[in-house]
Amino acid sequence: MDTVGAARLVTVVRAWCTTCGDVALADGARTVVLRVCLDWPHAEYRFWCPGCARVSAVSASQQQLAILQDIGCATEAWRLPRELFEPVPAGAAFTPDDVLDWHLALVVVVGVDDLEYA
Ligand SMILES: [Zn+2]
C-alpha cells in the first residue's frame with residue numbers, strides 16, 4: 001500500500017460492468033481480481049460492481065492484464081478441465097436414443113419409477 005504522509009493512496013480503476021457499463025472502482029487494486037488461464041491464452045478480471053452489486057467478469061487484453069498486475073491486483077490461475085485433453089473414445093457417439101434405452105433399462109432392473117422423492 002502506498003502512502004503520502006498519513007494519507008493512504010488508492011488506485012481508482014475504470015472497469016466495464018456487463019450490466020451497468022463503465023464504472024469506477026475505488027481502491028481497484030483490492031477490488032479487482034485477475035483470472036488467468038494456464039492452458040489457453042485467456043485472461044479476465046472480475047469485481048463486485050458498486051452500481052448493481054453483482055459480480056462482473058470481463059475478458060482482459062494483455063495490456064489491461066499488465067496494468068492490473070502492476071497496480072497489485074490479486075491473480076487467480078485456472079486450468080481447463082482435464083477431460084478436454086483426454087483421447088476421444090472409439091465407437092459411435094452417445095445419442096438421445098441411448099439415454100432413453102438407458103432409462104428403460106434402469107426402470108426394469110432397479111425400478112426407478114417406483115422410487116419416491118423425499
Ligand atoms: Zn454493474
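Two strands count as paired if DSSP finds at least two bridges between them. Helices (H or I, at least four residues) and strands (E, at least two) are DSSP runs, numbered from the N terminus. What you see here is a predicted model, where local features need pLDDT of at least 70, side-chain atom pairs count only at pLDDT 80 or more, and totals for chains, interfaces and linings use all residues. Residue numbers start from 1 along each chain as its sequence is written.

**View 1. An open sheet of 4 strands with mixed pairing.**
Going across, the order is S7-S6-S5-S8. S7 and strand S8 (74–78) stand at the edges with a single partner strand each, so one side of each has no neighbour in the sheet. On average, neighbouring strands are turned by 25 degrees against each other, direction ignored (axes are lines fitted to C-alpha atoms, for helices over the stretch in contact; angles run from 0 to 180 degrees between N-to-C directions).

**View 2. The parallel pair, S5 with S8.**
Strand S5 (residues 33–37) pairs with S8 in the parallel sense over 5 bridges. To find your place, look for leucine 34, whose bridge partner in S8 is threonine 75.

**View 3. The hairpin of S6 and S7.**
Strand S6 (residues 43–48) runs antiparallel to S7, and the two pair over 5 bridges. How many residues of strand S7 (residues 55–59) are buried? The count is 0 among its 5 residues; buried here takes 20 or more other C-beta atoms within 10 Å of a residue's own, with 12 or fewer making it exposed, anything in between partly exposed, and C-beta atoms placed from the backbone.

**View 4. Leucine 68 in helix H2 (residues 62–70).**
H2 lies across S5, S6 and S8, running at about 130 degrees to S5. Why is leucine 68 called buried? Because 23 other C-beta atoms lie within 10 Å. Leaving aside neighbours within four places in sequence, leucine 68 is in contact with Val32, Leu34, Tyr45, Ala60 and Cys73 (contact puts C-beta atoms, placed from the backbone, within 7 Å). Valine 32 is 36 residues away along the chain, yet its C-alpha atom is separated from that of leucine 68 by 8.1 Å.

**View 5. The largest nonpolar core, 10 residues in all.**
Leu68 turns up again here, with Val13, Ala15, Leu25, Val32, Tyr45, Phe47, Cys49, Ala60 and Cys73. Strand S3 (13–17) and S6 are the elements that give two or more residues to this core. Such a core is a set of buried Ala, Val, Leu, Ile, Met, Phe, Trp, Tyr and Cys residues joined through C-beta atoms within 7 Å.

How values were computed:
Contact = placed C-beta atoms within 7 Å.
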